[in-house]
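Here is a short briefing to read alongside the model. Please keep the structure open as you go through the points.

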Amino acid sequence: MGLLFILLFFSLQLSHSSAKISPKVGINYGLLGNNLPSPSKSVQLIKKLNAGRVKLYDMNAGILKALAKTNMQVSIMVPNQLISNISLSQASADEWVKTNFLAYPETRIRYILVGNEVLSYNNDNRSWFDLVPAIRRIKISLRKYNVRKVKVGTPLAMDVLEPTVAPSNGTFRSDIAVPVMKPLLEFLNRTKSFFFIDAYPYFPWSADPKNIKLEYALFKGENIRYTDPGTGLTYTNLLDQMLDSVIFAMAKLGYPNIRLWICETGWPNSCDYDQIGGSIYNAATYNRNLVKKLTAKPPLGTPARPGVVLPTFIFALYNENEKPGPGTERHWGLLYPNGSSVYEIDLEGKMPESEYKALPTPENDEPYKGRIWCVAARGANRTELVSALKYACGQGNGTCDSIQPGGRCYKPDSDFTHASYAFSSYWAQFRRGGGTCFFNGLAVQTIKDPSK
């Protein structure tokens, strides 16, 4: 191990910030559902979960008012689409702070996050370079209004790093390391803010279940170890491995002391047939073990930063039925939209495991090997279904030839059966390229042959 690396390693172990931060576990409160409870009911449910903090994605006046006088720390977010305007205009930043922060003096807003996973969107890299200027302007606005206790930052996904297994090899992507990450880290370090990271062990595990053990991802790998060849540090769970990769990447740019905040983490409680591991059992196991780790006394930290509190928002409060993408996207909630629990959990970590009810046995920890179809969902709106049918038929080559008049699948002649054929045909052509069986909630996967 080289002398420079040794010095870097010990700086991580010894010189991180010792500022006090509460270990209270928070919750992400999203609104991408058409059947969610009211803000006031939602706040009651958040309290029932014993959440210490709540993070909002939408500047919803009803929610911010419902959180007033609760003494619950709140995180609010500047939308991605406003970043460029704010980066160019201090007046725009001032107006945003005035409208979305100062207007709620009885709500305990303590964190302002500028954008959401901005550096993951390859089709809008202009906002990459506007991100730090926008963050600076929001901070200037807060100072202008004599606000001192609010931290400003931005939540980033794990794809800001180059792919790595060993945490000590953690390095920011070459396209953002110097022009974006370095000024961001300088700001976070100078203002004593946090590096907000979205870290989901589910994704690397589900992408490579043969080489990553499920138990290791669920904090159940008591007998599973990974030793970093660069540092000799030993890891017993995948989350620590991911977090330390970020820590080493920051240190390589000269910032070993910036505190981490897990802005999103969790596990899906259900998934599509072509996905694996999304189940109530796995979700409950991950999140309960996560809470146990986060609320341990003394704090556990990570191998690179032992004994350090890891403030965290779990994703998410509800299953949100309007989130696009694969089935997992709509099944991260601790609660169903009717307010009932998907599974029992105490975010304070005080409820003994023996008091939890038995969980259903998982049935999808291995890939499904049979055939899967994409069909129209029962009860789908006919007008929307016809529109989706036209869209699917307009994509690809010969997608709907068989349901044209005289075609072998034209009968029965109904919008529902034609849409089911079109959805399956579309999905068969495009799923390898990222196409999903969703169609704005009009389609579902099935393992039952729809032609029989």
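Let's begin with a serine: beyond residues up to four places away in sequence, Ser42 touches Tyr29, Pro37, Leu317 and Tyr318. Keep in mind that this is a predicted model.

- Ser42 sits in helix α2, which covers residues 39-48.
- Is Ser42 buried or exposed? With a relative accessibility of 0%, Ser42 is buried, because the cut-off for that class is under 20%.
- The side chain of Ser42 makes a polar contact of 2.6 Å with the side chain of Tyr318, one of the residues that Ser42 touches.

**Leu188 and its surroundings**

- Leu188 belongs to helix α7 (residues 177-190) and is buried at 2% relative accessibility.
- Leaving out residues up to four places away in sequence, Leu188 touches Val152, Gly153, Ser193, Phe194, Phe195 and Ile258.
- Pro352 is 164 residues from Leu188 along the chain, and the C-alpha atoms of the two are 38 Å apart.

**Disulfides and other cysteines**

- Cys374 and Cys437 are joined by a disulfide, with 2.1 Å between their sulfur atoms.
- The torsion about the S-S bond of Cys374 and Cys437 is about 95°, so this disulfide is right-handed.
- Because Cys374 is in strand β12 (residues 373-376) and Cys437 is in the loop between α13 and β13, the pair ties together parts that are 63 residues apart in sequence.
- Cys374 and Cys437 are both buried.
- The other link is between Cys393 and Cys400, with an S to S distance of 2.0 Å; it is left-handed, with -85° about the S-S bond.
- Counting bonded cysteines along the chain, the disulfides follow the pattern 1-4, 2-3.
- Cys409 is partly exposed, with a relative accessible area of 24%, while Cys263 is buried at 0%.

**Backbone geometry**

- Most residues other than glycine have a negative phi, and most peptide bonds are trans.
- Lys69 is not a glycine, yet its phi is positive, at about 65°. This lysine is in the loop between α3 (61-66) and β3 (73-78), and Lys69 is exposed, with a relative accessible area of 67%.
- Glu117 also has a positive phi, near 50°, and is found in the loop between β4 (109-114) and α6 (126-144). Its relative accessible area is 19%, so Glu117 counts as buried.

- Which residues make the nonpolar surface patch of about 270 Å²? They are Tyr273, Tyr368 and Ile447.
- Ile447 is in the segment after β13 (443-446) and is partly exposed, at 36% relative accessibility.

Key:
Residues numbered from 1 in each chain as written. Predicted model: local features only at pLDDT ≥ 70, side-chain atom pairs only at ≥ 80, totals over all residues. Heavy atoms only, no water. Helix = DSSP H or I, 4+ residues; strand = E, 2+ residues; numbered from the N terminus. Buried < 20%, exposed > 50% of the residue type's maximum accessible area, 1.4 Å probe, protein only. Polar contact = N/O pair within 3.5 Å; in protein donor to acceptor, adjacent residues only side chain to side chain. Contact = heavy atoms within 4.5 Å. Patch = residues over 30% accessible without salt bridge, like charges linked within 9 Å, V, L, I, M, F, W, Y side chains within 5 Å. Areas by Shrake-Rupley, 256 points an atom, 1.4 Å probe, with all protein chains shown as cover. Salt bridge = Lys/Arg side-chain N within 4 Å of Asp/Glu carboxyl O. Disulfide = S-S within 2.5 Å.
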